[in-house]
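Colleague: I would like to learn how to read a sheet and a surface patch, one feature at a time. Could we look at the model together?

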Amino acid sequence: MQRAAASRNLPRGRSVTVLALVLTLVAGGFAAWTSWDWYETAHDDTTAYAVQRDEALAAGEQAVQNLNTLDHRKLDQGLDLWESSTTGDLHEQLVSGREEFTTQVKGARTVTTARVLSGALTELDDRAGRARVLVALRVTVKAPGDASTDKDSRMLGELTRTGGDWKLSALGQAPVGGTPAG
C-alpha cells in the first residue's frame with residue numbers, strides 16, 4: 001500500500017517541478033527582455049534629445065515669465081532674477097540699463113505679474129546649445145490707485161545653454177496674425 005501511494009505522488013512531484021521550471025524560465029525571459037528594452041531606451045539619442053527639449057522649454061517659459069514680472073517694492077530682487085535668467089547681449093543690456101530702469105519703476109510704483117499660458121520650442125540645436133521658444137502669457141499690471149489690467153502677449157525668445165543651464169539671450173514680441181515678421 002505504501003508503494004502505491006508513493007508511485008501516485010511521484011508524477012505529482014514531477015509536475016510541480018516542471019511547473020516551477022517553466023515559471024522560472026518565463027520570469028527569466030521577461031527579466032532579460034525588460035533589461036534589454038531599458039538599456040536601449042537609456043542609450044537612445046532620441047531620449048536624450050527629448051530631455052534637452054523639455055529642459056529648454058521649461059527654462060524658456062520660466063525666463064520669459066521672470067522678465068515680465070516685477071514688483072516695485074522688491075525691485076532689486078526682481079532685477080537680480082532678470083539678470084540670472086539671461087545671458088549674452090540681453091544680459092548686458094539689462095545690467096547696463098539697471099539704474100535708469102530702477103528710477104522709472106520706482107517712480108511709476110507698478111506691480112507686474114506674468115503667467116505662462118502656453119509655450120513651444122520652435123527650434124533646438126542641442127549640439128550648438130541654442131534654442132528658440134514661443135511663449136504666450138498673460139501680463140497683469142497694477143499701478144497705484146488704478147484697477148489692474150490684463151494683457152495677453154506672445155513672446156519669441158532665443159535661448160543659449162550656459163554651464164548646463166538654458167538662459168535667454170534675446171527676447172522680443174512675436175508678430176500677431178496679419179503683421180509681417182521683420
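**Reading the sheet and the patches**

Modeller: Five strands make up an open sheet in the order β1-β2-β3-β4-β5, with antiparallel pairing, and its edge strands, β1 (70-71) and β5 (165-173), each pair on one side only. This is a predicted model, in which local features need pLDDT of at least 70 and side-chain atom pairs count only at pLDDT 80 or more, while totals for chains, interfaces and linings use all residues. Residues are numbered from 1 along each chain as its sequence is written, and side-chain values use heavy atoms, leaving out hydrogens and water.

Colleague: What makes two strands a pair?

Modeller: Two strands pair if DSSP finds at least two bridges between them, strands being DSSP runs (E, at least two residues) and helices likewise (H or I, at least four), numbered from the N terminus. Here β2 (residues 111-125) and β3 (residues 130-142) pair in the antiparallel sense over 13 bridges, and T113 stands opposite T140 in β3.

Colleague: Which residues form the nonpolar patch on the surface?

Modeller: A patch joins residues with over 30% relative accessible area and no salt bridge, like charges within 9 Å and nonpolar side chains (Val, Leu, Ile, Met, Phe, Trp, Tyr) within 5 Å; a salt bridge is a side-chain nitrogen of Lys or Arg within 4 Å of a carboxyl oxygen of Asp or Glu. Accessible areas come from the Shrake-Rupley method with a 1.4 Å probe, and for residues only the protein chains shown count as cover. In this model V18, V22 and V26 form the nonpolar patch, with about 250 Å² of accessible area together, and V22 is found in helix α1.
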